[in-house]
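User: Can you walk me through this model? I'd like to start with how the parts of the chain meet.

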Amino acid sequence: MTLEQFGSARIASLVQSDKVHKDLYLSEELFALEQRELFGNTWSFLGHASQIADSGDFFTVEVAGQSLIVLRDDKGEIRALHNRCAHKGAQLLTVESGRLTGRFLRCPYHAWSYRLDGALAAYPLRSGYENTGLMACESGRGLSPVADLHVYRDFIFARLNADGPAFDAYFGDVLPTIDLMVDRSPVGRLEIAGGVLRSVVHCNWKLYLENVNDSVHPASTHESAVRAAQAVARDRGSEPMPLAFEQILPFGERYEFFEGMGGRVFPNGHSISGTRFSVHSGYGNLGQYVQDLQAAHGEARAKQVLEQSPQNTVLYPSLAIKGSPQTIRVIRPVAVDRTVVEAWNFRTVGGPDLLLDRALTYSRLVFSPMSVVAHDDLHLFESQQKGLRSGPNPWVSLHREHTPDEAKQQTAETSGTSELLMRNQYRAWAKFMTLNMKEA
Ligand code: FES
Ligand SMILES: [Fe+2]
């Protein structure tokens, strides 16, 4: 089904100003359209430049159901090419990451070879193609690059559809959140470290992404995990606390804490929860590191970098960032009820090892499906995916702190618990779903 057949009026009726229709999470038809339109028209996070530090390094990644090769070419440039042989469509690379042995990509099927910029370089039985239409055809042009690619402070993003917003216009004022994270390194550089924690969550990706900015749920969803941690902490008495306690105990804060931490929405679905403070604000002092950061960035910037630790920043629709600890989650939808979530951690180049320890501990503690925290969430995402099918009520309520005119103001401050952060995601959803729609 095309988007035109589906109709912009129907899209608009599914996303109302204070609620969204359950079909957004349940309809396979919408999921297919969403892959092509929403994920095609917006900018998705592909990976980090440190994953391909040297020429010939590559990784493969799937965005909107399309397989991409992200590589560093022989001149050191980062490129993203569709992983689809120009001959008959075989994938050039089927492993997750690696290093090319030469300066070419060679298809394993009939040995067509491509330069690292995607250009067709060689193919067997060349004389058999003389006086044919190959070179005038798209197949003669080689591997297709993504429509647009942008690397922002080593964060690699791509847009797949030719029509869509330019990078800076799309992310706008949310980009300084990446700066805040990168500037935690005295040399302004992060490196992926410690591998990736990848889990398959049996829910629609939007349920996961909503939860990233949901600061009301910890008090109830994670109550038992916090209680257990509090009990262990009491038993330890004056013994020094392991890192995990510094991270898990703040989840037990009261509603007033989460409300007071503040939030902000930006155009195009992006948002920050925890603009004033967050569960990450109380992490211990780091001595010499503070002085190193002041020397590198100046006192004012160092203060700003160290004091701002938002709970989560969403770079809609694929990326959730925590500036401290330095960890990100990447949301990769694979089916209407299946989402791959990746948690990656960063080494803060020039910073203390403790920062990486914090990131790794946090990921294990909170993002791993085996953790004491994430299984609470996963249980609820899966139960939502099932529960939404039941009963006559077709709506998911997003009414908290709703005001009738709020959509007029695209950048706005909120409380830390406002559902404006989610409503803002759905407004962007409707906008980018219908961006290229040609009305009949
Ligand atoms: S499919 Fe790649 S060379 Fe034939
Ligand atoms: Fe949670």
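Predicted model: local features only at pLDDT ≥ 70, side-chain atom pairs only at ≥ 80, totals over all residues.

Analyst: Residues are numbered from 1 along each chain as its sequence is written, chains are lettered from A and ligands numbered from 1 in the order in which they are written, and side-chain values use heavy atoms, with hydrogens and water left out.

User: Which strands supply the domain 1 side that touches domain 2?

Analyst: Strand E2 (44–48) and strand E3 (57–63) each give at least two residues; strands (E, at least two residues) are DSSP runs, numbered from the N terminus. E3 has the largest share, 3 residues. By type, that side divides into 4 nonpolar, 3 polar and 2 charged.

User: And where are the domain bounds?

Analyst: Domain 1 is 46–152 and domain 2 is 172–432, from an automatic or database domain assignment. The contact (heavy atoms within 4.5 Å) takes 9 residues from domain 1 and 10 residues from domain 2.

User: How much area is buried between them?

Analyst: About 760 Å², with carbon and sulfur atoms giving 55%. That's the accessible area (1.4 Å probe) that two parts lose on being put together, summed over both. In domain 1, His48, Gln51 and Tyr152 lose the most, together 59% of what that side buries.

User: How many salt bridges across the interface?

Analyst: The rule finds 1, taking a side-chain nitrogen of Lys or Arg within 4 Å of a carboxyl oxygen of Asp or Glu.

User: Switching topic: which peptide bonds are cis?

Analyst: Tyr316 to Pro317 is one of them, with omega near 0°, and Pro317 lies in the loop between strand E15 (312–315) and strand E16 (319–322). Ser324 and Pro325 are also joined by a cis bond, omega about 0°. Pro325 sits in the loop between E16 and strand E17 (327–335).

User: What about Leu125, buried or exposed?

Analyst: Exposed, at 72% relative accessibility; the cut-offs are under 20% for buried, over 50% for exposed and partly exposed in between (1.4 Å probe, protein chains only). Phi of Leu125 is positive, near 60°.

Key
Helix = DSSP H or I, 4+ residues; strand = E, 2+ residues; numbered from the N terminus. Nonpolar A, V, L, I, M, F, W, Y, C, P; charged D, E, K, R; others polar.
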